[in-house]
Protein chains: 2
Amino acid sequence: MKKRPTKLCHRFFINLANPTRLAAIEQLMDKPMSVNELAAVLGQEQSMVSHNLKPLLQCNLITIQRQGKKHIYAVNQETLNPIFATIQTHAQKYCPAGGKCLKGE
Amino acid sequence: MKKRPTKLCHRFFINLANPTRLAAIEQLMDKPMSVNELAAVLGQEQSMVSHNLKPLLQCNLITIQRQGKKHIYAVNQETLNPIFATIQTHAQKYCPAGGKCLKGE
DNA sequence: ACTTCATATGAAAGAATGCTCATATAAAGA
DNA sequence: TCTTTATATGAGCATTCTTTCATATGAAGT
C-alpha cells in the first residue's frame, strides 16, 4: 500500500461508476455472454452495450473470446470478486437497509 | 457474492471515480487531517475540498472527528485498504508501465 | 456581543459523460 | 460476391458532475 493510488485507480473506478456497466458485469458474473445476448438480458440496445463493454475490456475488467461472429465476454473474477466482496462487507456494516445509504438520498 | 452488485455499488464507485477525491483519500491515508490542512497539501481551495469530502463521508469511506473548530478527517482503512490492494495487484498484472493502461490512453 | 478562525453550503458556468441514431466493419453462408 | 448476422464506431444532444465564487454556519476567545 505504498503506491500512490490516485492516478492508477482513477480510470479503474470510472469504469465501474456506471449503472449500465455494473449491470453488464452483474450479468456476466452469472455466465459469459455475447453482446446481443447481454443486450437482450439488460433490455438495452446493442450499440449501447458495445459502447460500454469497450472501456471495461480496455481495463481488463472483462475478457473477450471470439467465436466466429460472436464475441463472448466474461468478467475478470480474480479482480472483481474481491472488490465486490469488500463492498458487500462495507455495505452490510454501513448500509443496513438493503443497499440504501445511511445518510440521505 | 450472490448479492446484486449493481445498485449497491454505484454510489460507492461514483465516489471514488474522481481525481480530487482520490487525491484527498491518498493524503488522508498518510495521516488524518483537517480540511484546511488537506486543502493546503492538495493545493486546492477549501470549499472544493469540503464539497468533495461530503460524499465520501456520506458513504463512510472517510470518518470525521470534531476537535473544537477543526474537523479531522480520516480514511476508512478497513474498506479502502483491501480495495486499493486489489487494484494494485490488478495493475501489476495488466498495467506494467507504471500505471499506464495496456491498451491505449 | 463581537471578532476571528474553520468549515459548510448554494448557485451558476463550464466540462465531461452517457445515450441514441445512423452507419461501418467483419465473419459466414449461399 | 451478395446477403445476413454480429459487433463496433462516430457524431450530436441531453444530462450530470465538477469547480468556483460568494456567503452562511459554528466554535472559541476577548
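1. Of the atoms of DNA strand C within 4 Å of the protein, 59% are sugar or phosphate atoms, and the rest belong to bases. The model is a predicted one: local features need pLDDT of at least 70, side-chain atom pairs count only at pLDDT 80 or more, and totals for chains, interfaces and linings use all residues. Residues are numbered from 1 along each chain as its sequence is written, chains are lettered from A and ligands numbered from 1 in the order in which they are written, and side-chain values use heavy atoms, with hydrogens and water left out.

2. DNA strand C is surrounded by 23 residues, where a residue is near a molecule or strand if one of its heavy atoms lies within 4 Å of it. The closest are Ser47(A), Gln46(B), His51(B), His71(B) and Tyr73(B). By class, this surface has 4 nonpolar, 13 polar and 6 charged residues. The classes are as follows: Ala, Val, Leu, Ile, Met, Phe, Trp, Tyr, Cys and Pro count as nonpolar, Asp, Glu, Lys and Arg as charged, and the others, Gly among them, as polar.

3. Helices (H or I, at least four residues) and strands (E, at least two) are DSSP runs, numbered from the N terminus. With 5 residues, α4(B) gives the most to this surface.

4. A base is reached by Ser47(A), with an N or O atom of its side chain 2.9 Å from a base nitrogen of DNA strand C.

5. Around DNA strand D there are 22 residues, the closest being Gln46(A), His51(A), His71(A), Tyr73(A) and Asn18(B). Of the atoms of DNA strand D that come within 4 Å of the protein, sugar and phosphate account for 59%. The residues of this surface divide into 3 nonpolar, 13 polar and 6 charged.

6. Two contacts to bases of DNA strand D come from side chains of chain A. An N or O atom in the side chain of Gln46(A) is 2.8 Å from a base nitrogen, and one in the side chain of His51(A) is 2.6 Å from a base oxygen. A polar backbone atom of Asn36(A) lies 2.9 Å from a phosphate oxygen of DNA strand D. Elements giving two or more residues to the surface near DNA strand D are α3 (35-42), α4 and β2 (70-75) of chain A, together with α2 (19-30) and α4 of chain B. The largest share, 5 residues, comes from α4(A).

7. How many salt bridges are there over all chains? The count is 4, a salt bridge being a side-chain nitrogen of Lys or Arg within 4 Å of a carboxyl oxygen of Asp or Glu. Glu78(B) and Lys93(A) form one of them, at 2.8 Å between the closest N and O atoms. This pair crosses between chains, from helix α5 (residues 77-94) of chain B to helix α5 (residues 77-94) of chain A. Lys93(A) is partly exposed at 48% relative accessibility; the classes are buried under 20% relative accessible area, exposed over 50%, and partly exposed in between (1.4 Å probe, protein chains only).

8. Within chain A, Lys31(A) and Glu37(A) form a salt bridge at 3.0 Å, N to O. Lys31(A) is partly exposed at 41%, as is Glu37(A) at 35%. In chain B, the closest N and O atoms of the salt bridge between Glu37(B) and Lys31(B) are 3.0 Å apart. Glu37(B) is partly exposed at 33%, and Lys31(B) is partly exposed at 41%.

9. The structure holds 0 disulfides over all chains, a disulfide being a pair of cysteine sulfur atoms within 2.5 Å. Cys95(A) is buried, with a relative accessible area of 15%, and Cys95(B) is buried at 15%.

10. Asn60(A) has a positive phi, near 60°. Asn60(A) sits in the loop between α4 and β1 (62-67) of chain A and is buried at 10% relative accessible area. Phi of Asn60(B) is likewise positive, near 60°. Asn60(B) lies in the loop between α4 and β1 (62-67) of chain B and counts as buried at 11%. Most residues other than glycine have a negative phi.

Conventions: A polar contact is a pair of N or O atoms within 3.5 Å; within protein, one must be able to donate a hydrogen and the other to accept it, and residues adjacent in sequence count only if both atoms are side-chain atoms.
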